Amino acid sequence: MEKLIQAIYGGIVYGSIFGMMALGLTLIWGALRMLNLAHGSLYLVGTYIAWALVTLLKVPMVPALLIAALGTAVVGFGMQTLFLNRILGKPGWDVGSLIVGVGVGMALDQSILLIFGPRVKQMPPLIPGVYKIGRVVINYNFLVVVAVAVISLVLLSIFLSKSRHGLAIQAVSQQPDAAQLMGIPTRTVFLIVMCISAALAGLAGALLSTVYQVQRESGANAMLMALVVTIFGGLGSVKGTIWAAYLIGLLQSFLMVYLGAGTALPGVFLFMMIMLVIRPSGLFGLGEAQRL
Amino acid sequence: MLKVTNLEAGYGGSIVLHGVSLEVRDGEAVVLLGPNGHGKTTLLRTISGLIRPSAGRIEFDGKVLSDMSPAEIVAAGVVHIPQGDLPFPELTVLENLLMGAYLPDAWKQRKQKLEQVYELFPVLRERSNQLARTLSGGERRMLALGRGLMSNAKLLMVDEPSLGLAPFLIEEVYRKIRDINKSGLSVLLADENADHIAGFADRVYLLEMGSIVSEGTAEEMLKNEALLAAYLG
């Protein structure tokens with residue numbers, strides 16, 4: 001019983017964070033047909049902004065999280081306007097956008113190394129304290145992380161399905177030519193998507209910095225899991241991504257609790273391979289991934 | 001209203017339109033006739049800003065469209081219903097229609113416009129919460145027209161509204177477009193046969209190999225069967 005609670009609790013925590021990361025990836029894939037390989041680095045930017053604000057500048061936690069999300073959005077804005085806009089709509093976009101992702105990612109990673117150095121850093125928790133159910137320790141900090149993640153996922157879903165600009169993002173993703181004929185400015189929409197996606201990555205990074213140690217490798221790990229989730233959920237599908245995030249989160253958590261931490265990653269990848277054999281376009285993928 | 005002068009345009013290096021000139025006046029229904037692959041769609045796509053012209057001029061109500069972005073051209077009142085409808089497949093019918101009213105001025109009036117569109121196409125009201133990809137061919141065509149009407153269009157450009165539809169549906173679609181035209185909207189319609197000119201078109205242009213080879217009123221064109229047969233077969 002305690003193991004079960006532990007596993008479910010862990011799964012929800014992982015799932016929420018995977019969801020935030022993966023949703024950013026999937027939004028960009030849907031709108032721009034680009035796999036943003038800099039996504040993990042954007043996560044790292046959020047992490048370090050939050051750490052610098054909280055520990056160096058003594059900014060309180062909540063504004064620090066917001067500034068981290070905003071700051072990362074600004075980096076995404078720069079990536080779009082400085083690099084991606086130049087190759088947008090030109091032949092070779094597929095490969096070009098991948099290269100931009102790798103390049104921007106490297107530049108960000110190395111800048112972080114230069115500025116903050118290689119030492120692993122520690123963030124204080126959002127809210128200290130724990131709650132115990134039998135031998136299961138529920139960390140208040142984790143609960144806040146989950147709450148923030150879930151709230152941002154819900155707000156984003158509402159934005160995408162109800163607001164004029166959110167619907168326009170979906171329209172551009174599904175049928176860019178028709179979207180242009182409705183007067184939707186596609187480039188502006190791409191920019192909005194990039195900023196939202198970066199903000200999500202930055203917020204995820206900032207949130208997780210209160211859970212794990214702050215180190216440069218965490219960006220790559222987060223990117224890897226986000227990629228697994230998006231592939232699993234069907235690239236470009238918001239609904240599929242959110243489902244997949246919690247599914248993979250729970251899977252990882254159950255493997256950790258019942259079979260040991262070492263089995264988690266191999267298990268997740270094995271599961272993904274089986275899944276891709278059975279359903280190559282993902283859980284909710286629609287062939288050429290048109291859904292957003 | 002719309003005035004196209006010596007327009008030259010194409011894809012990449014190859015020119016498709018060789019100095020096309022045509023005009024649509026206020027309230028008119030103009031049909032652009034021509035066989036497949038002779039530049040009708042290219043002409044409409046150039047007018048709506050999806051393709052940049054390499055030479056020539058497009059004017060609408062005194063504004064020069066040839067320098068504008070597609071969004072600005074829609075805002076000016078020129079709305080293009082594309083060939084093949086191009087619905088947003090994973091949005092509902094209602095959401096598709098709302099996207100037709102994306103621009104701020106149209107968005108403010110979206111409720112009235114929605115009522116008007118539902119009145120003209122009752123089937124869209126019935127289907128309003130269905131995903132667009134679940135619609136039949138005829139319903140998709142109605143959706144494409146309805147979506148175009150959600151904007152503040154002054155000129156509606158319709159590209160081959162008969163494409164891929166059963167004959168009885170084709171009649172209905174043309175009847176709807178005629179109603180739209182009667183309600184005061186100018187229409188420029190591209191078509192590959194002359195079946196629907198009578199009782200619909202005010203004037204007709206014949207486009208071949210990217211050039212206008214003939215123009216006239218609908219009556220004049222219909223009398224000249226030899227000409228139509230020669231070009232359209």
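The expected span of a helix is 1.5 Å times one less than its number of residues. That rule is used in the first view below. The model shown is predicted.

**View 1. Helix α9 of chain A and its neighbours.**
Helix α9(A) covers residues 218-233, 16 residues in total. From first C-alpha to last, the helix reaches 22 Å, close to the 22 Å expected at 1.5 Å a residue. Its buried residues include A:Ala222, A:Met223, A:Met225 and A:Ala226. Further along, A:Val228, A:Val229, A:Thr230, A:Ile231, A:Phe232 and A:Gly233 are buried too. What do the buried residues of α9(A) pack against? They pack against α1 (2-32), α2 (39-56), α4 (93-116), α8 (186-208), α10 (238-259) and α11 (264-278) of chain A. Just after the helix comes A:Gly234, with a positive phi of about 95°.

**View 2**
Chain A has eleven helices and two strands. Along the sequence, its pattern reads α-α-α-α-β-β-α-α-α-α-α-α-α. The strands are β1(A), residues 130-133, and β2(A), residues 136-139. They pair in the antiparallel sense over four bridges. One bridge joins A:Ile133 to A:Val136 in β2(A). Two residues lie between the strands of this hairpin. In the turn, A:Gly134 has a positive phi of about 60°.

**View 3. The fold of chain A as a whole.**
The C-alpha atoms of chain A fill a box of roughly 60 × 50 × 35 Å, taken along the principal axes. A compact globule of 292 residues would have a radius of gyration near 19 Å, and chain A agrees, with 19 Å. Buried residues make up 50% of the 292 residues in chain A. Now take the contacts in chain A between residues at least 6 apart in sequence. Of these, 77% join residues at least 24 apart.

**View 4. The open sheet of chain B.**
Four strands of chain B form an open sheet, in the order β2-β1-β4-β5, with antiparallel pairing. Which strands are at the edges? They are β2 (14-24) and β5 (63-64) of chain B, and each pairs on one side only. Inside the sheet, β1(B), residues 2-11, pairs with β4(B), residues 55-60, over five bridges. There, B:Lys3 stands opposite B:Glu59 in β4(B). Helix α1(B), residues 40-47, lies across β1, β2 and β4 of chain B. The helix runs at about 70° to β2(B).

**View 5. Strand β9 of chain B and its two partners.**
Strand β9(B), residues 203-208, is mostly covered, with five of its six residues buried. Strand β3(B), residues 29-33, pairs with β9(B) in the parallel sense over four bridges. B:Leu33 stands opposite B:Leu206 in β9(B). Strand β10(B), residues 211-217, runs antiparallel to β9(B), and six bridges join the two. In this pair, B:Tyr205 has B:Glu215 in β10(B) as its bridge partner. The hairpin of β9(B) and β10(B) has two residues between the strands. Here B:Met209 takes a positive phi near 50°.

**View 6. Where chain B touches chain A.**
How many residues of chain B are in contact with chain A? There are 21, and they are in contact with 18 residues of chain A. The elements of chain B that give two or more residues to this side are α2 (70-76) and α3 (93-100). By class, the side of chain B that touches chain A has 15 nonpolar, four polar and two charged residues.

Conventions. Residues numbered from 1 in each chain as written. Chains lettered and ligands numbered in written order. Predicted model: local features only at pLDDT ≥ 70, side-chain atom pairs only at ≥ 80, totals over all residues. Pairing = 2+ DSSP bridges. Contact = placed C-beta atoms within 7 Å. Axes fitted to C-alpha atoms, helices over the stretch in contact; angles between N-to-C directions. Nonpolar A, V, L, I, M, F, W, Y, C, P; charged D, E, K, R; others polar. Buried ≥ 20, exposed ≤ 12 C-beta atoms within 10 Å, placed from the backbone. Rg over C-alpha atoms; globule rule 2.2 N^0.38 Å.
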